[in-house]
Amino acid sequence: MSRGTLIDLLYLVAALTFILALKGLGSPKRARMGNVIAAAGMLLAVVATFFNRVDGHPLHHVLLILLGMAVGLVVAVPTARFVQMTAMPQLVAIFNGVGGGAACLVSLTEFIHIKSTKPATYVVLEVLLGVLIGTVSFSGSAIAFAKLQELMTGRPITYAGQQFINALVGLAALAVIVITLVTSSTALLWVLLVVAFVLGIAFVLPIGGADVPVLISLLNSFTGLAVAASGFTLGSNLLIVAGTLVGASGTLLTMLMSKAMGRSLPNILFSAFGSVVTAGTGAGAEQRSVRSGSPEDVAVMLGFASRVVFIPGYGLAVAQAQNVLRELAENLEKKGVEVFYAIHPVAGRMPGHMNVLLAEANVPYDDLIEMDEANSELTTADVAIVVGANDTVNPAATDDPASPIYGMPIIHADAAENVIFMKRSMRPGFAGIDNELLYNPKTTLVFGDAKDTLTKIVAAVKAS
Amino acid sequence: MTNVLLQYATVFVLSVFVGIEIISKVPSILHTPLMSGSNAIHGVILVGSMLILGAANTNAEEVLGFLAVILATLNVVGGFVVTDRMLEMFKPRTPRAKPGAKADADGAKGADS
């Protein structure tokens, strides 16, 4: 067997591991194994590539390749290991962005490499698509990162004629592609690079912080497609298979995510969701009466409860209060109170994010119940405690057709006998929408940092 | 040459179907790890980056190829490590679905808190 055949076979094995990995990632039991399998396949492919030949000679610049990898390793491992779990969505965004950037560079460099050989039109098209999609993913992910990291406002950024200008930028990109194909001018490639960069930014700016995770999923599938395009240019089946797998599954995943939020993908991408604060939150909002209570009041209320449901949100994780919450649950259980955690599919910043955050605090997996089950449990619950959640319990999603979140499935906290709403202030949530639940006569507001409040409640419950 | 293109196109089309088929039933709690895991998989562009830098003849190609290797390594390494960190949380736990088993599980929990 020749060296080339052997390497191709190893690539085939790697491609298989990626398929098995994606399959495994779909089941809680095999997910971690799946990830390890993919990493092994990747290592195999990378090692095999060192023995590959290009243009009929062994790889040049092996030292430079190793140096580049070393730089990447030194930066990536600590970042990925030690960044707070709450910042995970940003991390995924940035790692996705650099992948898009790499795909763009590969297409670009290959084009410089082969341009003297007068490549066929379809090869030029592959290059252009790789550059376009890779760059959009790169700059789009950068903005998504900035939004989630709060380097810039998480609110949608809109201006007059935005849709029109975005459409114009998109058309400009298409025009550059067509002109390049006709004239095969390399200078235009650089123009495309710039236009694509602007397009990625313009595309992401109007998308609100709450929707950014769905956007990241979409950009993830873009990067996959950019990798596939590079695969066409380089003539690598491995890149085509892996890139296309991610492109296809990522697109499906994006749609599943938007479905979990009760919205359609075009609505998320083009409606500048959350840019306007809905009517009802006007000047009168602050004068409306709310009932607030102290942590001790809450402890008394809990003392009489037999079923309690916690509804955690991202604010819980920001306050680093997961462990205290679990402690409260344990103390209540000791007193014979039944405790559940109701998890909204998009609680946290991404689907499944809250499960991970709670699991990190050793909350038993079986105490977590999903939205549908939670809503039936809540009808018989004595107390629902909302900690750091807001939009996912906002009744406007079912009651107010004018609300931007209308139609999103929510957890009906108000179905419980009493609602305790822990909030730092009266400020609206991530989506920027006022919450009727705050004014519900069943609701007791407890202002303050979630961790402080919970610690006080735990102390009061222990003392009682 | 067009035969080669057709072969790649075949691989592409089949991969689309495989990609859709394998994740059709994913519970929502795994959406985030799945996104992150597939993020790592497109880090396979590292292979492409290596081939590019390995074939580089000019300074421009060397610089761009070197950058590509760095970015791709970030993608692949960061992707796998983050995903593994997320999935660490899904390790199996003592089941406590039945009320009878509940007391034992509570006792065990009390010890580590």
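The model is predicted.

The interface between the two chains was examined first. On one side, 112 residues of chain A take part in contacts with chain B. About 8,900 Å² of area is buried between chain A and chain B. Carbon and sulfur atoms give 74% of that buried area. Polar links are present too. The rule finds 17 residue pairs in polar contact across the interface, both partners being at pLDDT 80 or more. Helix 4 of chain A, residues 88-114, gives the most to the side of chain A that touches chain B. Its share is 17 residues. That side of chain A divides into 68 nonpolar, 30 polar and 14 charged residues.

Chain B was considered next. Chain B has 5 helices and 0 strands. Along the sequence, the pattern reads α-α-α-α-α. Chain B holds 113 residues, and 57% of them are buried. Chain B exposes about 4,700 Å².

Salt bridges were then counted. Side chains of opposite charge can pair when their charged atoms come close. Over all chains, the structure holds 8 salt bridges. Across the interface of chain A and chain B, the rule finds 4. One of the salt bridges is formed by Glu88(B) and Arg32(A), with the closest N and O atoms 3.9 Å apart. Glu88(B) lies in the loop between helix 4 (59-87) and helix 5 (99-112) of chain B, while Arg32(A) lies in helix 2 (residues 31-50) of chain A, so this pair joins two chains. Glu88(B) counts as partly exposed because its relative accessibility is 25%. Arg32(A) is partly exposed as well, at 36% relative accessibility. Glu88(B) also meets Arg81(A) in a salt bridge, at 3.8 Å from N to O. Salt bridges with shared partners join Arg32(A), Arg81(A), Asp84(B) and Glu88(B) into one network.

Other salt bridges lie within chain A. The side chains of Glu338(A) and Arg307(A) form a salt bridge at 2.9 Å, N to O. Glu338(A) belongs to strand 4 (residues 338-343) and Arg307(A) to strand 3 (residues 307-312), so the pair ties together parts of chain A that are 31 residues apart in sequence. Glu338(A) is partly exposed, with a relative accessible area of 31%. Arg307(A) counts as buried because its relative accessibility is 18%. Arg307(A) has a further salt-bridge partner, Glu377(A), with the closest N and O atoms 2.1 Å apart. Glu377(A) lies in helix 15 (residues 371-378) of chain A and Arg307(A) in strand 3, so this pair ties together parts that are 70 residues apart in sequence. Both Arg307(A) and Glu377(A) are buried.

Ser403(A) sits in the loop between helix 16 (396-399) and strand 7 (418-423) of chain A. Ser403(A) is buried because its relative accessible area is 5%, and the cut-off for buried is under 20%. Ser403(A) and Glu126(A) are 277 residues apart in sequence. In space, the C-alpha atoms of Ser403(A) and Glu126(A) are 43 Å apart.

How values were computed
Residues numbered from 1 in each chain as written. Chains lettered and ligands numbered in written order. Heavy atoms only, no water. Contact = heavy atoms within 4.5 Å. Buried area = accessible area lost by both parts, 1.4 Å probe. Polar contact = N/O pair within 3.5 Å; in protein donor to acceptor, adjacent residues only side chain to side chain. Helix = DSSP H or I, 4+ residues; strand = E, 2+ residues; numbered from the N terminus. Nonpolar A, V, L, I, M, F, W, Y, C, P; charged D, E, K, R; others polar. Buried < 20%, exposed > 50% of the residue type's maximum accessible area, 1.4 Å probe, protein only. Areas by Shrake-Rupley, 256 points an atom, 1.4 Å probe, with all protein chains shown as cover.
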